[in-house]
Amino acid sequence: MDLTILYRGPLASCDYDCPYCPFAKRRDSREQLRADRAALERFTAWAAAQRDDRISVLFTPWGEGLVRSWYRRAMVELAGLPHIRRVAIQTNLSGRTRWLAEAGAAGRDKIALWCTYHPGQTPYERFLDRCGELASLGIRHSVGVVGLDDHLDEARRLRAALPEEVYLWVNAAEGHSYTDAEAGRWTEIDPLFPYSRHPHRSAGLPCRTGESVISVDGEGTVRRCHFVRAELGNLYDGSYRGALGPRACPLAVCDCHIGYVHLETLPLYDVFAGGVLERVPARPPRSVERAGPQLLGMPSPEFAERRPFGEL
């Protein structure tokens with residue numbers, strides 16, 4: 001089968017202190033780090049053994065994974081396997097990038113990074129230099145910010161400095177509603193921001209999660225996605241496979257990109273064709289915007305409320 005896996009182990013520690021994140025500057029104990037390492041190595045071994053399937057992996061740790069050697073090693077190992085189509089991770093890009101050279105040219109073609117810039121947590125020039133290093137290594141990547149007022153000038157500065165082919169996304173801030181004028185300013189930076197501005201109605205609508213996309217935790221528990229708690233089985237005993245199939249979303253709304261990107265009622269698999277996991281559009285959004293907003297399949301602003309906390 002073709003299977004996309006969103007993996008989130010117990011790691012919750014982060015080296016940043018973002019005021020909008022409950023995991024800021026959180027420290028895992030040595031025991032917690034050992035447990036996370038063991039869980040990731042178990043998952044990596046399982047993925048390596050699934051040679052009859054075609055697997056794509058997105059690591060979505062609550063904390064920062066790439067400052068831990070076992071995440072870097074897992075990405076290199078998985079990228080070297082013929083049946084692994086893509087291995088991506090969400091990261092604040094605080095760590096060095098030299099480890100990517102170990103993957104070789106073929107491995108680097110499969111590795112991708114979803115990078116978030118957090119103004120005030122890292123020097124702007126350092127972050128921009130890291131983006132340049134990724135480009136020089138040929139690593140597919142997207143870059144983004146949380147759409148807070150204090151971040152607007154830095155986001156504009158970053159958009160102007162990055163090559164046009166590097167997508168700069170903007171996530172709507174949790175608990176924040178945007179006026180049309182505010183949304184317009186963020187849309188000038190990210191033409192796809194309207195997808196993030198409002199939650200998407202999802203109740204009863206078809207979604208690829210639970211069929212070709214699954215969420216896996218450190219224990220191997222399989223769920224359709226990070227936001228639906230119902231279990232489909234366990235990865236390691238294979239019990240999840242019989243539960244895979246088309247199913248409608250049981251939640252009223254979905255307001256996180258790693259969730260709603262898989263809704264079949266949205267055109268995002270076309271917008272991000274070839275780069276769904278790493279949030280890289282098939283074409284630079286600015287060129288799509290010039291071609292006409294109807295090609296973006298922009299959502300209508302049905303919902304103004306936002307959940308208390310979700311994915312940033």
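The model is predicted. Nine strands make up an open sheet with mixed pairing. Helix α2 packs on that sheet. Helix α4 has its buried residues along one face.

**The sheet**
- The strand order is β6-β5-β4-β3-β2-β1-β9-β10-β11.
- β6 (168-172) and β11 (228-234) stand at the edges. Each has a single partner strand, so one side of each is left without a neighbour in the sheet.
- From one strand to the next, the twist averages 25 degrees.

**Strands β1 and β2**
- β1 covers residues 2-8, and β2 covers residues 54-59.
- These two strands run parallel, and six bridges join them.
- Take L6 as an example: its bridge partner in β2 is L58.

**Helix α2 on the sheet**
- α2 (residues 69-79) touches β2, β3 (84-91) and β4 (111-116).
- The direction of α2 makes about 160 degrees with that of β3.

**Helix α4**
- α4 runs over residues 124-137, which is 14 residues.
- At 1.5 Å a residue, α4 should span 20 Å. Its end C-alpha atoms are 20 Å apart, so the two values agree.
- The buried residues of α4 are Y124, F127, L128, R130, C131 and L134.
- Seen down the axis of α4, these buried residues fall within an arc of 155 degrees, so they line one face of the helix.
- The buried residues of α4 pack against β4, β5 (140-147) and α5 (152-161).
- G138 follows α4, and the phi of G138 is positive, near 75 degrees.

Technical notes:
Residues are numbered from 1 along each chain as its sequence is written. This is a predicted model: local features need pLDDT of at least 70, side-chain atom pairs count only at pLDDT 80 or more; totals for chains, interfaces and linings use all residues. Side-chain values use heavy atoms; hydrogens and water are left out. Two strands pair if DSSP finds at least two bridges between them. Helices (H or I, at least four residues) and strands (E, at least two) are DSSP runs, numbered from the N terminus. Axes are lines fitted to C-alpha atoms, for helices over the stretch in contact, and angles run from 0 to 180 degrees between N-to-C directions. Contact means heavy atoms within 4.5 Å. The expected span of a helix is 1.5 Å times one less than its number of residues. Buried means under 20% relative accessible area, exposed over 50%, partly exposed in between (1.4 Å probe, protein chains only). The arc is that of the directions from the helix axis to the C-beta atoms.
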